[in-house]
Structures are given as C-alpha cells and as structure tokens.
Amino acid sequence: MSVFEVFRRERAGAPMQHAGSIAAPDARFAEVYAREQYGRRGESEALWLVPRESIDEIAEFVDEFDLKYRRVDGYSIKERLKEARQRAGTLEG
Amino acid sequence: MDVRTEEFLAHVQSGGLVEAGDWMPDEYRKRLTKFVEMHANSELMGVLPERDWILRAPTLQRKLALTAKIQDEAGHAQLLYRIVEDLGKPREACLDDLIAGKSKFHNVFHYPTKSWGDVGVIAWLVDAAAIISQKALLKCSYAPYARIMRKICWEESFHILHGRDVVLTLVTGTDGQRELVQEALDRWWEPLMMFHGNPIPADDDPMVHWRIKSQANEEARQQFLEGYVPQVWELGLTLPDPKLERGEDGIWAYTEPDWEKLQAVVSGNGPASAERIAFRKLSRAEIDWVSRTVLAEAA
C-alpha cells in the first residue's frame, strides 16, 4: 500500500488545500478513494493526488541574519510618526 | 519528566499544535494512538448494527440514506486508521487487535438492534452524542486529527438529520410505529448515558492533561442532555429515568449509570459484543483474497 496526499479546492478561486491522506495499492485505487472521500457530496471542485514520497519537505528556513526589513516588525513607525506630527503641528488631542 | 517532555507539555497545554512528523513524548504518542484507534474501531464497528437494516429498510429512500450513512462511517474509519498509521501503528495490526479483543470500541456498538425504531434512535441520538465529543476534538493538540474531525463532524450532521427524520416519521405514524420509537428509546437510554464515560474531573483526566481531549466527560454529557432531552420530550416520548430533571442552575440530574457495567461492555462483554467481533472476523477472512489480489496486481 502507498500513501497519497489529497488536496482539494473547495470552490472556484479558492486555493488548493491539504485535505488528508489515503492509503491505496496504486494510483487507480487512490483516485477512486479520493473521489469517494472528498468529492461525493460535491464538496470539492478540484482534487489533486500526490504520492507522499514525491513531496520534498524543506526542513529549515531560518532567517539567519535576522533580516527584519523583510517583515512587518522591521518597521516601527509609531513613535516617529508622532514626532513628525508634533513638528508639523498636526497632532490631535 | 525530562526537559524536552516538559517543553512539549507546556506547548500543548498553552494551545500549541503537534504535526505528524514532530517529536512527541512516548506517553503522548501512546495515549493518542490508543484514542484514535478506538475512534477508528468505533466507526468501523458502528456500521454493523445499521448494516442489519439495509435489507429491511421500510422504503427505497431510507435504504439509500442508510447505505450512505454506512459509507460515511466506513470512510471515517479509513481516515482515522490513516492517522493511526502515521503515528506508527499499521492498519493491519489495528484490525488484528480489534478481532482479537485487544482494542476497544464504543459501548453503544456492543448492543443489538431490535426494530427500525432502533435505527432512528441510533442515527439521531447516538450520533448526536458522538458529535458532541467529536466537536470538542476539533481543538485537539494533534493537528492532523483535529483537521480530519472537521470533515467527520460535517458528515455526522447529515446522520442526525436522517435519524431525526426517521423518528419524526414514526411518531407521526400509527400507534404501533410510535411504540417502536418509545421501546427503542427505553433500550438505548442506558448506553447513551454511559456514552461519554464516567464523570472523571478534567484535572484528573490524562487525556485532558495532554490536550488530546479538551472537554470533561460530564461536560459532554450535560451538553447532550441539555440539547436533546427537551427534543425527546416535546415529541411526547418519555425517558426511563425518574431522576432526570433540569436543575435551576441548568445542570441535569440523572440516575448514575453503573460504570462497572460500562467497563464490562467495552471490554467485550456487552449483549452483542461477541457476535459483532465474530462478524468482523468473518468479513475480514472473506475479503482477504480481495486485498491479496489487488496488492499483487499493484506490485
């Protein structure tokens, strides 16, 4: 038996999302099982089947150099905005 | 407890989630595997009492609806055994343990069904009791289980509709039909009251400790009583417990079930345990050639 990961699109325009996995002797059976498990109530508008062994999992993606300017927390504008408003005389209350 | 286990415990207790490939303490893996396996076994064994009624369903529509429910439950078993497999226990081993009586399944599937009334009561109230536990599992710390529970709960909601529809048809039918529902309720009330387990406080429940479960047994039972007793009563049906009453504080009083009896039932000593396990064993042997053929062809 092989394990197949199932991805489904719930409605047009939605992203493909992992639905679960099924065990099947081959791809033909996997297709039948996926159809029955994830399609028989019309709950999916697209299904993908991926043999588990073809998935490459990327183990680590650490931000080694702490590149904050790529993230929201790299921009703390609150204090400086306040100061800018004070200088401009537009600070309320 | 070592540091790693302590960190893991703190992680799950503060709402953290665990994925299949993550490290987990042996105790967590063991308890979780046993719990999900028992759930899978229950879905698989749960189709047997209903299977008896496919050929005896009163109309074609009911026959199809019942068959669809059975397909759903068998599908749930498949999905849950997949979870167990990823936790390290092969499906074959689960099926072997089930027929050897080494693993358990829910108490309600150890009882016989005597009439079509039982089919309605099972689909309505047993599934209602089950959905309460299953909804609480949406918050399980083991994310693959919680995710699959979303699909399972969605499908269970159809079963409750189906069951309620069967019951409503019977109670609006002849006196004889109404009697079938009342008799079935009288039979099923005790197992239903046992369904959520003994009232172990959440703080003492190791399953809550590891956040595999997030709801205390008694909380689940109270939710069931609050939701469904009024629905039973409003149909003019009665429940066989003179103590059953909603207190002013909203807490339901009831006759304490015999918890030793529950233990005996789930340990394989229920009225239909032996018959159900024997049937499972038989069908496993009968379909063995199918899996051998299919696997040989695929190889």
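Reply:
**A loop lysine and its surroundings**

Not counting residues up to four places away in sequence, Lys139(B) touches Ala146(B) and Ser214(B); two residues are in contact if their C-beta atoms, placed from the backbone, lie within 7 Å. The model is predicted: local features need pLDDT of at least 70, side-chain atom pairs count only at pLDDT 80 or more, and totals for chains, interfaces and linings use all residues. Residues are numbered from 1 along each chain as its sequence is written, while chains are lettered from A and ligands numbered from 1 in the order in which they are written.

Lys139(B) sits in the loop between H5 and helix H6 (143-171) of chain B. Helices (H or I, at least four residues) and strands (E, at least two) are DSSP runs, numbered from the N terminus. Lys139(B) counts as partly exposed because it has 14 C-beta neighbours inside 10 Å. A residue is buried if 20 or more other C-beta atoms lie within 10 Å of its own, exposed if 12 or fewer, and partly exposed in between, with C-beta atoms placed from the backbone. From Lys139(B) to Glu190(B) there are 51 residues in sequence and 28 Å in space, C-alpha to C-alpha.

A nonpolar core is a set of buried Ala, Val, Leu, Ile, Met, Phe, Trp, Tyr and Cys residues joined through C-beta atoms within 7 Å. The largest one has 66 residues, and Leu80(B), Val121(B) and Ala129(B) touch the most other members. Another core lies apart from it and has eight residues, including Phe4(A), Ile22(A), Ala30(A) and Ala34(A). Leaving aside neighbours within four places in sequence, Val121(B) is in contact with Val167(B), Val181(B), Ala184(B), Leu185(B) and Trp188(B).

Helix H3 of chain B covers residues 60-86. Its 27 residues should span 39 Å at 1.5 Å a residue, and its end C-alpha atoms are 39 Å apart, so the two agree; the expected span is 1.5 Å times one less than the number of residues. Just after H3(B), Gly88(B) takes a positive phi of about 115 degrees.

Chain A has two helices and three strands, in the order β-β-α-β-α from the N terminus. Its C-alpha trace spans about 70 × 35 × 15 Å along the principal axes. Buried residues make up 14% of the 93 residues in chain A.
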